[in-house]
Amino acid sequence: MAAAPSSPAVVLRQLRRTFGSTVAVDDIDLTVADGEFFAMLGPSGSGKTTVLRMIAGFEQPTAGTVHLGGVDVTALPPNRRDVTTVFQDYALFPHMSLQDNVEYGLRVRGIDRNARRKQALAALEMVRLDHLADRRPHQLSGGQRQRVALARALAVRPKVLLLDEPLGALDLKLREQMQIELKAIQREVGITFVFVTHDQDEALTLCDRLAVFNDGRIEQVGDARTVYETPANRFVAGFVGTSNLLSGTVAEQVVGRTGTWAVRPEKIAVLADPMAGTTALADGSTVREATITEVVYAGASTRLLADLGPVTLTVTTLNAATTGDPIARGDRVRLAWAEDALHSLPD
């Protein structure tokens, strides 16, 4: 007989949280699978951190339920939930060694000295800091301190690890490095990660699936490719990456038909040898004339603003793929995009 599937790691049903007359979280339904790396993405004030705090038990729902591993924990305090939280500010004890910092949660749980030292050292080894176990937090870089905070959380072997913008204080290069390390660690330990961020690139890079939050509600849930390629509405199209949104008379003039459409900047090509008077290519791609009004060089790519008359489109080109003289402000160009580059949105 086949084994029964495990319960989802997190299930939220009709979750609501108000602060006086302010609705911070409004009727959220969400399921996170066991072992999943799940991201909650949204702007500041969208409700994502409040949801994380309700999963952790730091906030009580005004209505609705929180289930962890199939158990209703809505009324349980944080110390009786099989979760740990990693915060942006690390929250390390400055007077303790790294070893003692990582052991702290195990000591609170009553784990004996030998066992907790073994588990703590294993957690530090996992984040490649076991050789610095005797150092104090002030002797470490920001990235190293973040890894210690992660090791402390992993040492207690929680069912769910909650991460509240844990990379927000790091510089860009270190942040990108930590994203790769965090994903590798999650795969290695197999623990469910629920990650809160306002950084769209971070969410797309890290997660198996993500939920896009806006004004206390979830706008869309899906894997990174689905959310990016087929956004559910205008908000998701505009917040997750950059989209050119076309509707009304602009859509009729540019797309050739009514409706609301999104097209990503990287899906628009600048024709190397434009053919005057052509409005479509043999493969069915639409072609439109435009004037370049801005050029932003970004190393690997260049971002162009192209004025079509009724609308200005953002276009991204890869510099490795370009030949000849670079495009400059004032240049007349022709833009082309395939039919499948257009994504229809609800009006």
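Leaving aside neighbours within four places in sequence, which residues is Leu163 in contact with?

**View 1. Contacts of Leu163 in the predicted model.** Leu163 touches Leu52, Val86, Leu150, Leu182, Phe193, Val194, Phe195 and Val196, where contact means heavy atoms within 4.5 Å. This is a predicted model, with local features needing pLDDT of at least 70 and side-chain atom pairs counted only at pLDDT 80 or more, while totals for chains, interfaces and linings use all residues. Residues are numbered from 1 along each chain as its sequence is written, and side-chain values use heavy atoms, leaving out hydrogens and water.

**View 2. The largest nonpolar core.** Such a core is a set of buried Ala, Val, Leu, Ile, Met, Phe, Trp, Tyr and Cys residues joined through side-chain atoms within 4.5 Å; buried means under 20% relative accessible area (1.4 Å probe, protein chains only). Of its 34 residues, Val102, Leu150, Leu161, Leu163, Leu182 and Phe193 touch the most other members. Helix H4 (142–155) is among the elements giving two or more residues, and H4 has the largest share, seven residues. Helices (H or I, at least four residues) and strands (E, at least two) are DSSP runs, numbered from the N terminus.

**View 3. Helix H1, residues 48–56.** Seven of the nine residues in H1 are buried: Lys48, Thr50, Val51, Leu52, Met54, Ile55 and Ala56. Next comes Gly57, with a positive phi near 100 degrees.

**View 4. An open three-stranded sheet.** The strand order is S11-S12-S18, with antiparallel pairing; strands pair if DSSP finds at least two bridges between them. S11 (244–246) and S18 (343–345) are edge strands with a single partner each, so one side of each lacks a neighbour in the sheet. Three bridges join S11 to S12 (residues 260–263), and Leu245 stands opposite Ala262 in S12.

Terms used: Buried means under 20% relative accessible area, exposed over 50%, partly exposed in between (1.4 Å probe, protein chains only).
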